Amino acid sequence: MNTTELERDFQNKIDNEIRIEPKDWMPDNYRQTLIRQISQHAHSEIVGMLPEGNWITRAPSLRRKVALLAKVQDEAGHGLYLYSATETLGIERDETIEDLNSGKAKYSSIFNYPTLTWADIGAIGWLVDGAAIMNQVPLCRCSYGPYARAMVRVCKEESFHQRQGYEIMLTLCRGSEAQKNMAQDALNRWWWPALMMFGPSDSDSPHTAQSMKWKIKRFTNDELRQKFVDITSPQADFLGISIPDDNLKWNEDEGHYDFGEPAWEEFYDVIRGNGPCNAERLNARKKAYNEGSWVREAALAYAKKKSNSENLVQVA
Amino acid sequence: MSTKEALFDYVIRQADNCLILGQRLGEWCGHGPVLEQDIAMTNIALDLIGQSRSLYQYAADVEGKGKTEDDLAYLRDVWQFKNLLLVEQPNQDFAYTIARQFYFDNFNFLFYQALTESADEQLKAIAQKSLKEVRYHVKWSSDWILRLGDGTDESHERINRAITDLWSYTGEFFNNNEVDNAMIDAKIGTDLTGLKPKWEQKIGSILEEATLEVPAGEWMQSGGKEGKHSEHLGYILADLQFLQRAYPGAKW
Ligand SMILES: [Fe+2]
Ligand SMILES: [Fe+2]
């Protein structure tokens, strides 16, 4: 078969909702798009451990401490599944991680914001995991098999995180005045960055059309953002705190909320590396990786010695 | 000291051991040398904090003043904490973390194993449940002693330094104080001096296999069980207790 026929075959499969598996032929662009997207996703899980990990030692009760530890550990697990999914496309985990450390690979900008109070842990669960779910549920039907399957596992845990985060917010909002203020302050700081998690407006998102055609993406950025606002606004009302957007208003005719435009200059600034914690996050990752190198080398050297001595025994 | 007071102190001591070491391991979360080990350390932290919760709940029952696990974890000061000095020592690098874990896990295993024969039903049940978890901790830290000891020159040197530096915190494991004696008399607790030969044998054989030597230092630090701690504990509590102290009485 020539390339044109292969491509036609490939698109046929996609149109018929047949999953693409690692050994199947795929266009190079499809492979590169997936490598970029899945590895960015993996890095986001790993970098995302840092802002929340920041509160593990300070969690306000033992029950909350255990839940937070387990949550951050889940994110490490998500990173693992996703690095494995990237490996099915022919890129080793170490190589992917080096791209993160060198600044070549991106991760979700949301993690470049600081966690300043305990309420941030609630707000992240509620809004950030909430937005992640909205992005990821459609990915469970992604055309690439290993990614879709990884997402099924991930989504189950994310919805648990989201409920847990909302429950933290609810506890604060039903608590003292100071706690409620803490919750409001967190919502003020996380709302806009959360909206930006869906990516730029469709008109500024050049890859969307191709990704939709390949069924890597199922909804546009703006569709998902709208859905997020529609679901989240009543939740904020129930908490009794207000979303920091003067334009937010229920639109009876549309059956949706109207809402304001995020500050896209800030979004692009953070992507360029100028967010409040970009340098800190990347340095923390590099430090962990570099300071861990002697440990990884030791494990490798030991495993080699052991397999050599086992081989010797077998030869004898 | 009444048996009840001794029992409270005895249970609190083990709860504090588990919480403080769990807190230390929690500091690694997101910063581990490799993802799988980040997850493994978090697992152990989760087990230990889980154990501390059962123990604090029981201690609160024993005390009978209507306190909760969080009252005990969050509203006591340094001198009221009775954990071993070893568990509050800083993580430093992965080698120190492993050495600390290795010494403690092997002690913890023998201690819980002894408590499975306790005359106190509640303590016995907690010990039985915890023992299953600690068996895995022992395996994990022992495996890493082997890998680091018999890995590369650098790892050998690092783990050797760590086991040597932390050695002086292991003597305290095996001292019976007034509380231990009361618990031995009541057949609730165990004679700690009796655990020492088994611990030394286990440690010795793993270190030997790891091409390391048992440290020779004879001077041993002590005081943790009496509430006399290193400077590190104050900072651990400052983090741990910050919110409960800053917002007295708030529910979280
Ligand atoms: Fe995740
Ligand atoms: Fe999550």
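Student: What makes residues of chain B and chain A count as in contact?
Tutor: Contact means heavy atoms within 4.5 Å. By that rule, 48 residues of chain B are in contact with 45 residues of chain A. This is a predicted model: local features need pLDDT of at least 70, side-chain atom pairs count only at pLDDT 80 or more, and totals for chains, interfaces and linings use all residues. Residues are numbered from 1 along each chain as written, chains are lettered from A and ligands numbered from 1 in written order, and side-chain values use heavy atoms, without hydrogens and water.

Student: What area is buried between chain B and chain A?
Tutor: About 3900 Å², with 69% from carbon and sulfur atoms. Buried area is the accessible area (1.4 Å probe) that two parts lose on being put together, summed over both. Leu35(B), Leu46(B) and Trp252(B) supply 18% of what chain B buries against chain A, more than any other three residues.

Student: Why do Lys305(A) and Asp150(B) count as a salt bridge?
Tutor: The rule asks for a side-chain nitrogen of Lys or Arg within 4 Å of a carboxyl oxygen of Asp or Glu. Lys305(A) and Asp150(B) meet at 3.0 Å, N to O, so the pair passes.

Student: Which residues coordinate the iron ion (ligand 1)?
Tutor: Glu45(A), Glu75(A), His78(A) and Glu158(A), at 2.0 to 2.2 Å. Donors are N, O and S atoms within 2.8 Å of the metal (3.2 Å for Na, K and Ca), so these pass. Water is not among the atoms, so sites may look incomplete.

Student: Why is the arrangement around the iron ion (ligand 1) called irregular?
Tutor: Its four donor atoms subtend angles of 85 to 143 degrees. Four donors count as tetrahedral if all angles lie between 85 and 135 degrees; four count as square planar and six as octahedral if opposite donors are over 155 degrees apart and all others between 65 and 115; anything else is irregular.

Student: What links the iron ion (ligand 1) to the iron ion (ligand 2)?
Tutor: Glu75(A) bridges the two ions, which lie 3.5 Å apart.

Student: How do you know whether His78(A) and Glu158(A) are buried or exposed?
Tutor: Buried means under 20% relative accessible area, exposed over 50%, partly exposed in between (1.4 Å probe, protein chains only). His78(A) has 0%, so it is buried. Glu158(A) has 2%, so Glu158(A) is buried too.
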